[in-house]
Amino acid sequence: MKHAQTAENEFHLPRLERQPFEPRALKSIVLSSITVAAAITACIPLFSVLIMLLYRGGKRLSLEVFYQLPPTAFETGGGFGNAIVGTLFMVGIAALISVPFGILAAIFLAELGPDSKVAITARFCAKIMTGLPSILAGVFAYAAVVVVFKTYSAWAGGIALSLLMIPVVLLTAEEAIKMVPRAMKEAAVGIGCTPAQAMVKVILPVALPGIITGVVLAVARAAGETAPLLFTALFSDYWLKAQEPTASLAVLIYNYSGMPFENQIELAWAASLVLVLMVFLLNIISRTLGGRKKI
Amino acid sequence: MKLAKTVRSLVLCSMCSFFAVSAMAATTVVGSGASFPAPIYTTWFKQFSRANKGVQINYQAKGSGAGIRDFIDHTVDFAASDAAMTEKQIAKVPEGVQLLPMTAGEIVLAYNLKGVKDLQLSREAYTGIFLGKIKKWNDPVLVKANPGVTMPDEEITVVSRADSSGTSYVFTQHLAAISPEFAKNPGYGKTVNWPSAIKMVKAPKNDGVTATIKQTPGAIGYIEYGYAKMTKQPMAKLENKAGKFVAPGLEGGQAALANAKLPENMIAWITDPAGDQSYPIATYTWMMFYKKYSDPAKAEILRNMVAYCLDHGQKIADKIGYIPLPANVVEKVRAASANIQ
């Protein structure tokens with residue numbers, strides 16, 4: 001017993017087991033709990049929005065909102081079938097323009113001439129474009145398409161949205177292609193692939209999940225945008241006609257949420273819920289599709 | 001892989017069907033502009049589209065100013081404005097412009113004040129509020145005009161239009177007509193520089209102003225009668241030129257309209273109607289058409305639409321909160337609509 005005591009005095013051994021009220025441990029506990037709290041706080045806005053949407057929008061959600069046309073000020077009932085179709089159509093046009101465009105440009109930026117002047121300029125422009133206020137995309141499409149063709153149209157809306165999607169698709173696709181291991185590319189060339197074969201058969205399939213994530217991010221952003229559509233697609237109370245003003249969920253929410261009529265406000269809530277669910281569904285689909293392609 | 005293929009073919013199929021639908025669909029006529037008559041216009045157009053298979057009229061309320069801009073840019077087939085169009089604006093349209101008054105309405109002062117049911121506003125009171133001189137609901141001027149009502153000690157919040165608006169134009173034109181001080185500063189127009197003394201909130205379109213009044217205790221704002229009626233917002237009785245307090249409604253509106261004579265260009269303003277019964281702020285509201293359309297079918301649809309609004313449309317005007325056009329005006333408009341070719 002006595003021997004042990006002297007040993008302790010000699011070496012001043014700290015206690016090795018964790019002591020909860022020791023300053024070090026205390027600091028660790030406090031700091032970790034702050035990070036946990038911050039992580040939880042970050043979720044609060046999302047969940048409170050979701051709960052509010054489910055509560056207010058869920059009340060009005062029924063089968064008929066999906067196939068009926070928007071009501072006028074005095075009507076009860078009605079729906080926003082045309083706005084769903086319009087949003088899908090315009091986002092579809094935007095994707096048709098921006099996905100091939102963005103991916104081809106990304107191939108050039110990542111593989112063919114990553115350090116060329118063109119690539120450096122394009123990359124710089126794309127990065128600036130990601131921060132482009134969406135309303136400017138609308139103003140651009142208004143001047144370039146609406147005024148020239150003398151009509152508001154779904155095409156103009158799609159073009160405005162594609163402006164917002166291209167930089168997102170381009171930059172994420174470039175990153176995804178760069179992430180493909182060098183060894184894989186070299187192996188492909190080594191077994192006799194031409195550069196084109198290496199690109200199509202090896203590099204793109206491997207990069208696909210990353211590319212798809214970028215496309216989905218871009219689509220989700222485009223689907224929720226109101227500002228570019230206000231000037232280009234306007235709104236419509238009828239079913240889609242691509243060369244005429246076209247309804248979209250985002251503009252419907254914008255228009256109806258400011259109205260003093262109960263029916264329209266309820267529809268705006270329901271439309272918000274539908275829009276969120278659509279983006280959510282798209283996310284899940286693309287994730288499962290993207291996940292399958294892994295080699 | 002298989003799944004991806006099915007998805008791809010599904011997407012392709014749906015795309016094809018979209019194009020098919022757009023190819024088959026009916027002729028669409030597009031209009032934009034004033035929010036003041038939007039509830040009645042959209043109701044008319046929906047009924048007209050239902051009655052005429054193969055015709056769709058799509059009207060988007062963006063405010064009179066935006067409608068005029070669209071019309072000058074030729075991005076729409078027709079437009080609507082409560083401020084009509086100026087000579088200068090008309091000169092920018094090479095085909096020529098036919099303005100037609102389609103309905104009329106009253107601008108009411110809707111308010112949100114707990115416990116006050118029948119607010120009466122003398123001319124001094126409501127010009128004072130919009131000049132920023134009267135800032136509290138218990139101001140002596142307001143108390144004097146409302147004997148027997150306890151006015152709360154609350155600040156007045158004025159709700160005005162954020163966008164370029166025909167409703168603002170008509171309202172400020174009236175204020176300028178009855179108050180020399182208002183005529184000098186701020187004057188009248190589709191947008192005005194309101195005196196900075198006013199505690200003011202701005203909102204877009206009649207919809208936005210109505211919604212803001214509804215949500216803001218102590219608020220007062222100017223909107224079309226129908227908006228206040230539909231949303232059950234209380235409206236003030238206003239003192240007219242004859243010194244009588246008149247509530248907005250069909251009778252006061254018709255009496256006010258009787259003061260106007262429509263000249264050749266169909267633009268007439270009723271800035272301060274005479275007569276005991278007249279509600280003081282009433283106005284026609286116009287649709288603008290090109291005199292020459294490249295597609296004669298479109299011109300015919302528009303002429304039919306005008307005829308429909310004159311015949312069937314006027315009958316439902318009162319119910320929705322608008323003033324039916326007097327019979328002599330209906331005939332004048334019918335005759336002028338022949339200019340749309």
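Which residue of β8(B) does B:N112 stand opposite? B:N112 faces B:A219 in that strand, within a predicted model in which local features need pLDDT of at least 70, side-chain atom pairs count only at pLDDT 80 or more, and totals for chains, interfaces and linings use all residues. Residues are numbered from 1 along each chain as its sequence is written, while chains are lettered from A and ligands numbered from 1 in the order in which they are written. The model has an ipTM of 0.75 and a pTM of 0.80.

**Confidence**
- The average pLDDT (the predictor's confidence in each residue, from 0 to 100) of chain B is 88, and 93% of the residues score at least 70.
- Over residues 16-24 of chain B, pLDDT stays under 50; for this stretch the model has 6 contacts beyond four places in sequence, a contact being a pair of residues whose C-beta atoms, placed from the backbone, lie within 7 Å.

**The eight-stranded sheet of chain B**
- An open sheet of 8 strands with mixed pairing has the order β2-β1-β3-β11-β4-β8-β6-β7 in chain B.
- Strands (E, at least two residues) and helices (H or I, at least four) are DSSP runs numbered from the N terminus, and two strands pair if DSSP finds at least two bridges between them.
- At the edges lie β2 (55-61) and β7 (200-203) of chain B, each of which pairs on one side only.
- On average, neighbouring strands of this sheet are turned by 25° against each other, direction ignored; the axes are lines fitted to C-alpha atoms, and angles run from 0 to 180 degrees between N-to-C directions.
- Strands β4 (residues 97-112) and β8 (residues 219-224) of chain B run antiparallel and are joined by 6 bridges.

**The three-stranded sheet of chain B**
- A further open sheet, also of mixed pairing, consists of 3 strands in the order β5-β9-β10 (chain B).
- Its edge strands, β5 (120-121) and β10 (245-246) of chain B, each pair on one side only.
- Strand β9 (residues 237-239) of chain B pairs with β10(B) in the antiparallel sense over 2 bridges, and B:E239 has B:F245 as its bridge partner in β10(B).

**The contact between chains B and A**
- In chain B, 29 residues are in contact with 25 residues of chain A.
- The elements giving two or more residues to this side of chain B are α1 (2-24), β1 (27-33), α2 (38-51), β2, α9 (205-215) and α10 (225-230) of chain B.
- Of these, α1(B) gives the most, with 6 residues.
- The residues on this side of chain B comprise 13 nonpolar (Ala, Val, Leu, Ile, Met, Phe, Trp, Tyr, Cys and Pro), 4 charged (Asp, Glu, Lys and Arg) and 12 polar (the others, Gly among them).

How values were computed. Contact = placed C-beta atoms within 7 Å.
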